[in-house]
Amino acid sequence: MTIPQYTRLKNPTKSNKSHRMRLRISSHLFVFAVVSFAIMGLAGFFTKVAFTLMLMATHHPPAFTRGLLYPRDSETREVRCLDGMWNFIASDPRHPAKGIEEKWYERDLSKAGPTIPMPVPASYNDVTTNSSLRDHIGTVWYDRRFFVPQSWIDKTVWIRFSSVHYEAIVWINGNRALRHEVGHLPFEADITSFLNYGQENRVTVLVDNVLIQTTVPQGNVLEMPTDFGMTLVQQYTFDFFNYAGIHRSVHLYTTSKIHIEDVIVSTDIDEETGIINYKIMANDTDDDSLVAFVQICDADDNVVATNTTPVNEQASIEIRNVKPWWPYLMHPQPGYLYKMEVFLSTSTEKNIDIYRLKVGIRTISWNTTSFHINGKPMYLRGFGRHEDSDIRGKGLDLALLTRDYDLLHWIGANAYRTSHYPYSEEAMEFADEAGIMIIDECPSVDTTNFNEALLTKHKSSIEQLIHRDKNHPSVIMWSIANEPRTAELSADSYFENVAKFTRMLDPTRPVSAAIAVPLQNDRAAKHMDILMFNRYNGWYSNPGELNMISSRVIEEATAWHMKHQKPVIMSEYGADTVEGLHLLPPFVWTEDYQVELFSRHFKAFDVLRSRGFFVGEFIWNFADFKTAQTVTRVGGNKKGVFTRSRQPKAVAHHVRRRYFKLANDLDNAPVPEDLFPYLSDSGSSCKFGRDEL
């Protein structure tokens, strides 16, 4: 990306009622932001900081991502993980650029002041008992030492970050290596020339979590009075906690000087033959002798197809008697994956680089009423989710990830939406293996104040997302935003632009967005391929009125379809529920009310399915999660069917019975023996075993 992220620089000549110009660190100089402010309140204590980008004379389109293959060992590649304990310092929120001014990256962080140990990957917010760190605004610093063997001196060495929130600047041994802005997505740099081989090296990372109106997602920073003077407060409208830090793994890896830079895959099926269309990209585009030998192996490692083609050219390979990738509960062997092995050679040297990845062969299609996988109509049933857990925040946790996928299988879900940002690459690979379909969402949430600077960053976030996830068979749809303010006049052209850009990058998957504004006010749905809408009947609308749910859901979903003639998904519905709270008759916040509210939605969904255009139901939310501190949230959002510790509420068993009943009805999937506990043998109506379904 070419547009840098701002940090703030203290101005000692200004009073507390003024604010300071934020300083953004560009590749070679500080670029100053334009600062505007308004005094609010009679005493003028509340000063709202409105940040705008200072652009050059022209506005540049988003840069296209290169490389970033997931780091894997092979005969030609070596991968080392830098996860573990790093050194950590949080900057003074009133002087976030101090570390830049004093060049902390030129020496160990411990020389700049006291450091604390900080686990990577993890959010830094909840690791300590320090509330100022939990609510920190601005920059923090990480560093650690690592050893590079002498044997790497003839290789190209890369450092790769899987996700940092939000802006990151990385130095190797004091040399600036790279900068990246959008959270949730990977970035890397060639650090070959910065390393000391056969010796220790140091990596230093600056992280800035500030959100403004031209970041993705958006936010505002206010300067507000406290008992001890003025302080900065980060505000945002999205309903999840603004965790920050190095959230996913950090890797060193090596490649040959000439190497495989990217593998681009799409698939098709012609009767019993699977077709893998591919392009092997190499970093050296001037060598006409570069060729790629491609070998496809089945799940038992039997070679089933081979092909040799020049690099950087479109090619295809056929697999006879193909085993398609099917979603969970649609086939006895869901999530079937082939292994694609790529061997790069020159006219004089064989196998100079080798890379392997998994490939699922399946087709996707859609029309005005339905969505198909491998030619079969699909009905999506699943959840909105969050990457969120106690202590580690949004940090990658493989144990938690394994538990989540086990719960998805247990409950009978076949899909989820990565609300409201890209999830880890490990989660995507899990979905491929598990046969779970993914609606892949970019980090644009509650988008408003549409402008050219924001559009560039929005499109860049989508480009990076598609670049990363393009080869995953589990990804069936791109969601370009969650609950954008699509009633605004400028939303029409804005989302037309974003949707066209997304289709240009990937025409093989439908484009959608989760829309929350009423049908009559929306200006964006007409640009989508499949319609998704969020609505909380019985909760935010008419709370406690269970008899005001079914008809309203039916009427609204039908109206969306009638106006736009496209398939419809209800992408969010639900109710906050306190674990263990029961009242009879049902009352808001109780487990009993959540069960009843879901039942009223289930009734509406069945009516809508019978009308032939309704293709999916997504509960909000899979599990409880942390939010900002508000009086409407008791320890976070409690709409999960599972608690934050991944234990079921009463509604989880209710949902499980529905999802497996749907799987049985639609695809003849087997029903778990424990789905209905034994009641009595006194009559067939009381026998709820698998045979009775």
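## Exercise 1: A helix and its cover

Task: find which residues of helix α8 are buried, and what covers them.

Solution. Step 1: the buried residues of α8 are Glu 591, Tyr 593, Gln 594, Val 595, Leu 597, Phe 598, His 601, Phe 602, Ala 604, Phe 605 and Leu 608. Buried means under 20% relative accessible area, with exposed over 50% and partly exposed in between (1.4 Å probe, protein chains only). Helices (H or I, at least four residues) and strands (E, at least two) are DSSP runs, numbered from the N terminus.

Step 1: the cover over these residues includes α7 (550-564), β36 (568-572), β37 (614-619) and α9 (650-667).

Step 2: check the length of α8 (residues 591-610). Its 20 residues, at 1.5 Å a residue, should span 28 Å, and this agrees with the 29 Å between its end C-alpha atoms. The expected span is 1.5 Å times one less than the number of residues.

A note on the model: it is predicted, local features need pLDDT of at least 70, side-chain atom pairs count only at pLDDT 80 or more, and totals for chains, interfaces and linings use all residues. Residues are numbered from 1 along each chain as its sequence is written, and side-chain values use heavy atoms, leaving out hydrogens and water.

## Exercise 2: Two helices together

Task: describe how α3 and α4 pack.

Solution. Step 1: helix α3 (residues 398-411) and helix α4 (residues 425-434) pack at about 30°, and their axes are 11 Å apart. Axes are lines fitted to C-alpha atoms, for helices over the stretch in contact, and angles run from 0 to 180 degrees between N-to-C directions.

Step 1: name the partners. Leu 398, Leu 401, Thr 402, Tyr 405 and His 409 in α3 meet Glu 426, Ala 427, Phe 430, Ala 431 and Ala 434 in α4 (contact means heavy atoms within 4.5 Å).

## Exercise 3: A strand with two neighbours

Task: which strands pair with β22?

Solution. Step 1: β22 pairs with strand β23 (residues 303-310) in the antiparallel sense over seven bridges. Strands pair if DSSP finds at least two bridges between them. Val 294 has Asn 307 in β23 as its bridge partner.

Step 1: β22 also pairs antiparallel with strand β25 (residues 338-345), over seven bridges. Here Ala 292 has Leu 344 as its bridge partner.

Step 2: five of the seven residues of β22 (residues 291-297) are buried, so the strand is largely enclosed by the rest of the structure.
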